[in-house]
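Q: Could we go through this model together, feature by feature? I would like to learn how each one is read.

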Amino acid sequence: MDLRKKTLCASGFHAPERGHIDILEDVLIDIGADGAIRAIHRPGEPNYRSIREAREETGELVVLPSGSYLLPGFVDLHVHAPQYPQLGGALDVPLEVWLQKYTFPLEARYEDLAFAQRNYRLLVDDLLANGTTTALYFATIHQEATRVLVDVCLQRGQRALIGKVAMDNEDECPPYYRDSSAKAAIDGTRAIIDYIRSHPNNGEGRVHPVVTPRFIPSCTDAALEGLGALAQECGCHVQTHCSESDWAHGYALARFGATDTKMLDRFGLLGRRSVLAHSNFLTESDMELIRVREAAIAHCPLSNAYFANAVFPLRQALEKGLHVGLGTDISGGPSASMLENSRAAVLVSRMLASGVDPALPQGERSAAGAAQIDFRDAFYIATTGGGIALDLPVGQFQPGYAFDAIVIDTTAEKGSMRLFDQVEVDDQLLQKIIYTASKANIAITWVGGLKVH
């Protein structure tokens, strides 16, 4: 059911702006040959009936069955592609131990291209089945294995942003898994940028290159400075970790006497296409700097519960006007599902707002200035917010945007949704989807109008 040069008749939801759910009921979505939305026609508009009849006559009309609802594809802003084999494991130690004991040894194995090929295919297929149409990927330090990830995403049809990880600091990176020098880290990044941009199967720009210093502890000053200059030169996206945990946040303060955010800015790594994962320990001035630079935050609520030592103040960031999207942080977070991470975003915001210490009076438990979000904000950051963060036309249904979408089948026999009464197409139905749908309810995934699951 490929939809290029077709018109889809569907009901569903998107969130074109924070706090507003646009309810789509029997809309007609015209999709061009390039996979972009050409027009959206709503019942009640003067030409709706004639357009629908014309598409039926030419065989261009595709109608979603009853009980199926259309959502924008999910945008996952933080995925460590090589860590998929340890998803759901190795969550029993602090971040700095987890990296050295479990994660670096696993990532080092991607020198084996057969290992990389097998795991990356499984990961991309599973994410597409979970409705993730766009993913921002950390790869490994390996040139060839990173190219394998690029090839797999192009073969499978996923929209992806991929970076070879740069990490050259001998003090924090083991000898078996690091770039041999700052120059090697920078040159390797440039080579991947060239590979992606010249790839014969990437004419539509489905895959984008990303400058990827792992985080400040893993990189020397020379590497950070060189990668910042390269990002300015190539106009690429940038991704890194920012103030993730007590240890990571304290490391930058001890080394530079300044926060991660301020140092990333000094090294030229903070800009409109920069995505900062976690960012749990931002100061007020950090938030303001991120807002001014128009950078974005990848909020990873599940992962933060295991490694952050803090809860990111999501609503505060949104109300300050920061760009925020949602990330699974595979494998720091134990789920590849953006639906589960959406639920986690609501859950942790409620705990931050209500407080967790029963020994304190109710009015004193809450963190200062904390306020909870609801399913609307969670849906927004999983879709539209992610598209805005990446500065890409994805995450919502608008003319000119890519038709990246999923179909939620509320009647799926093995799904986790149950609709007990006649359900109106309203935001309460969307709430039920966000809170109760599962992978089994995702019947179809389209990227650029092409069916990929």
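Q: Which residues line the largest cavity?

A: First, some ground rules. This is a predicted model, in which local features need pLDDT of at least 70 and side-chain atom pairs count only at pLDDT 80 or more, while totals for chains, interfaces and linings use all residues. Residues are numbered from 1 along each chain as its sequence is written, and side-chain values use heavy atoms, with hydrogens and water left out.

Now the general idea: rolling a probe the size of a water molecule over the atoms shows where empty space is left. On a 1 Å grid over the protein atoms alone, a cavity is a set of points where a 1.4 Å probe fits but cannot get out; a pocket is an open set with protein on both sides within 12 Å along at least five of seven lines; and lining residues have an atom within 4 Å of a point. Here the largest cavity is lined by His-80, Gln-83, Leu-95, Trp-98, Leu-99, Arg-214, Phe-215, His-241, Glu-244, Phe-307, Asp-329 and Gly-332.

Q: What is the volume of the largest cavity, and which helix gives the most to its lining?

A: Grid points are joined across faces, edges and corners, and a volume is the space filled by probe spheres set on the points. The largest cavity comes to about 90 Å³, and the search of the whole structure finds one cavity of 30 Å³ or more. Helices (H or I, at least four residues) and strands (E, at least two) are DSSP runs, numbered from the N terminus. Helix 2 (residues 95–108) gives the most to the lining, with three residues.

Q: How many residues of each class are in that cavity lining?

A: Ala, Val, Leu, Ile, Met, Phe, Trp, Tyr, Cys and Pro count as nonpolar, Asp, Glu, Lys and Arg as charged, and the others, Gly among them, as polar. The lining of the largest cavity has five nonpolar, four polar and three charged residues.

Q: Asp-329 is in that list. Where does Asp-329 lie, and is it buried or exposed?

A: Buried means under 20% relative accessible area, exposed over 50%, and partly exposed in between (1.4 Å probe, protein chains only). Asp-329 sits in the loop between strand 14 and helix 12, and because its relative accessibility is 4%, it counts as buried. Its phi is near 50 degrees, a positive value in a residue other than glycine. The loop between strand 14 (323–326) and helix 12 (338–354) also holds Ser-331, which a cis peptide bond joins to Ile-330, with omega about 5 degrees.

Q: What separates the C-alpha atoms of Ala-81 and Asp-329?

A: They are 248 residues apart along the chain, yet 9.3 Å separates their C-alpha atoms. Ala-81 belongs to the loop between strand 6 (74–80) and helix 2, and at 0% relative accessible area it is buried. Contact means heavy atoms within 4.5 Å. Beyond its neighbours within four places in sequence, Ala-81 touches Tyr-110, Tyr-120, Leu-123, Tyr-137, Phe-138 and Leu-149.

Q: How many aromatic pairs are there?

A: A pair of aromatic rings is described by the distance of the centres and the angle of the planes. Rings of Phe, Tyr and Trp (its six-membered ring) pair if their centres lie within 6.5 Å; planes under 30 degrees apart count as stacked, over 60 as edge-to-face and the rest as tilted. The whole structure has nine such pairs. One of them, Phe-397 with Phe-403, is stacked, at 6.0 Å centre to centre and 25 degrees between the planes; both residues are buried. Tyr-110, Phe-115 and Tyr-120 form one aromatic cluster.

Q: Which residues of helix 5 are buried?

A: An α-helix has 3.6 residues a turn, so residues three or four places apart point the same way. In helix 5, the buried residues include Ala-182, Ala-185, Ile-186, Thr-189, Ile-192, Ile-193 and Ile-196. The buried residues pack against helix 4 (143–156), strand 8 (159–163), strand 9 (165–166), strand 10 (207–213) and helix 6 (221–234).

Q: What lines the largest pocket?

A: This pocket holds about 330 Å³ of space. Of its 19 lining residues, Ser-11, Ser-66, Gly-67, Tyr-69 and Val-425 lie nearest its centre. Strand 1 gives the most to the lining, with three residues.
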